[in-house]
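Subject: Structure handover

Hi,

Here is the structure I promised to pass on to you. Have a look at it first, and then read on for what turned up.

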Amino acid sequence: MNSHDLPPSWHALSVEQVFGELRSSGDGLTSAQAQARLRTHGANRIERGPRRGALKILLRQLADPLVYVLIAAGLIAVLMGKITDGLVVLAVVVINTMVGFVQEMRASKAIEALSRMVPEQATVARDGDATAVPAHELVPGDVLLLQPVDQVCADVRLFEVNALQVEEAMLTGESMPAGKHEAPVEADAVLGDRRSMAFGGTLAVAGTAKGVVTATGAGTELGRISQLLSETAQLETPLTRRRRLARAITLGIVTVAALIFVVGCCASIRCSTARWRPSRWRSLRSPKACRP
């Protein structure tokens, strides 16, 4: 069973239904079950992806046909003496490049920050006992034990809740901690109203509870945010948003330039031919040309 294939509405299911779906219980998993599920689901980590340096990100903003055309147009305008026009075009390229660079740098830093929000240790019920394990070894079906100042290591469906308060500002934007309970909520409840859940990366600030892990790693709400940020890192700037249009404009410019070059060559050849023929004809008619 893959965590990405699990039903998404854990908050709407009763605790008994959740345990049934996850093939777990209030006593948690055995060590053997946990190891088997770890091999199936993988580590409870949010992957950062390949890290790109600032120079590589900057150069990436220039890797677009329309940007090449604008740079060429600006330089040609400057060389032709239209300095103001050329500088305006080049300034547009610089602004576009900086906008894309800042966007991507911010997204990259946010992804790194999210990946650091999963703590190193977690307390779970294993083999019937409370056991501290590395957080990256959590698997769906584990029972996580939450106490004040504990950071939630994965998405969990809560049960045995005792006045639990969770700080969820990084997910919901709410400034006040959210009170939690174990009763199911509506299936279409928004993230901030899913009071029967605690999400990875949030912080327990008061009370205690147990929760059965429903999703780990990229399958958590935190993992989905990280995925959205990685897509944000690939966002296009205003000049490069319409790549098809940029390619069409570039192709059109190259085609027109090629046609102008061909027409110019043909005209040059005709002019050379026209100048050669009369002079050749006069030399043939000259008396000197007829002498032996």
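A135 sits in the loop between β2 and β3, and its C-alpha atom is separated by 8.5 Å from that of T123, 12 residues apart along the chain. Helices (H or I, at least four residues) and strands (E, at least two) are DSSP runs, numbered from the N terminus.

Some ground rules before the rest. This is a predicted model, in which local features need pLDDT of at least 70 and side-chain atom pairs count only at pLDDT 80 or more, while totals for chains, interfaces and linings use all residues. Residues are numbered from 1 along each chain as its sequence is written, and side-chain values use heavy atoms, with hydrogens and water left out.

On confidence: pLDDT is the predictor's confidence in each residue, from 0 to 100. The protein has a mean pLDDT of 79, and 72% of its residues reach 70 or more. Over residues 1-6 pLDDT stays under 50, and the model has 15 contacts beyond four places in sequence for that stretch (contact means heavy atoms within 4.5 Å). Where pLDDT is low, the predicted coordinates should not be read in detail.

Now the strands, where two count as paired if DSSP finds at least two bridges between them. β1 and β2 run antiparallel and are joined by six bridges, with P134 in β2 as the bridge partner of Q121. These two strands form a hairpin with two residues between them, and D127 in the turn has a positive phi of about 55 degrees. β7 pairs in the antiparallel sense with β3 over four bridges and also with β4, over nine bridges. As reference points in β7, V212 is the bridge partner of V143 and T208 is that of N162.

What about the nonpolar cores? A core here is a set of buried Ala, Val, Leu, Ile, Met, Phe, Trp, Tyr and Cys residues joined through side-chain atoms within 4.5 Å. The largest has 18 residues, and those with the most contacts inside it are L138, L144, L146, V156, L158 and L164. Two or more residues come from each of β1, β3, β4 and β7, and β4 gives the most, with four residues. Apart from this core lies another one of 14 residues, among them W10, V18, F19 and V143.

How many aromatic pairs does a search of the whole structure find? The search finds one, and it is F19 with F159, edge-to-face at 5.2 Å centre to centre and 75 degrees between the planes. The pair links distant parts of the chain, with F19 in helix α1 (residues 15-22) and F159 in strand β4, 140 residues apart. For the cut-offs, rings of Phe, Tyr and Trp (its six-membered ring) pair if their centres lie within 6.5 Å, and planes under 30 degrees apart count as stacked, over 60 as edge-to-face and the rest as tilted. F19 is buried, with a relative accessible area of 12%, and F159 is buried too, at 5%.

Finally, the charged pairs. A salt bridge is a side-chain nitrogen of Lys or Arg within 4 Å of a carboxyl oxygen of Asp or Glu, and the count by this rule comes to five. One of them joins D142 and R126, at 2.8 Å from N to O. D142 lies in the loop between β2 (129-134) and β3 (143-146) and R126 in strand β1 (residues 121-126), so this pair ties together parts 16 residues apart in sequence. D142 and R126 are buried.

Another salt bridge links E160 and K210, at 3.5 Å from N to O. Because E160 belongs to strand β4 (residues 155-167) and K210 to strand β7 (residues 203-215), the pair ties together parts that are 50 residues apart in sequence. E160 is partly exposed at 48% relative accessibility, as is K210 at 27%.

K180 and E168 also meet in a salt bridge, at 2.6 Å from N to O, and both are buried. Salt bridges that share partners join R194, E221 and R224 into one network.

Happy exploring!

Note on methods. Buried < 20%, exposed > 50% of the residue type's maximum accessible area, 1.4 Å probe, protein only.
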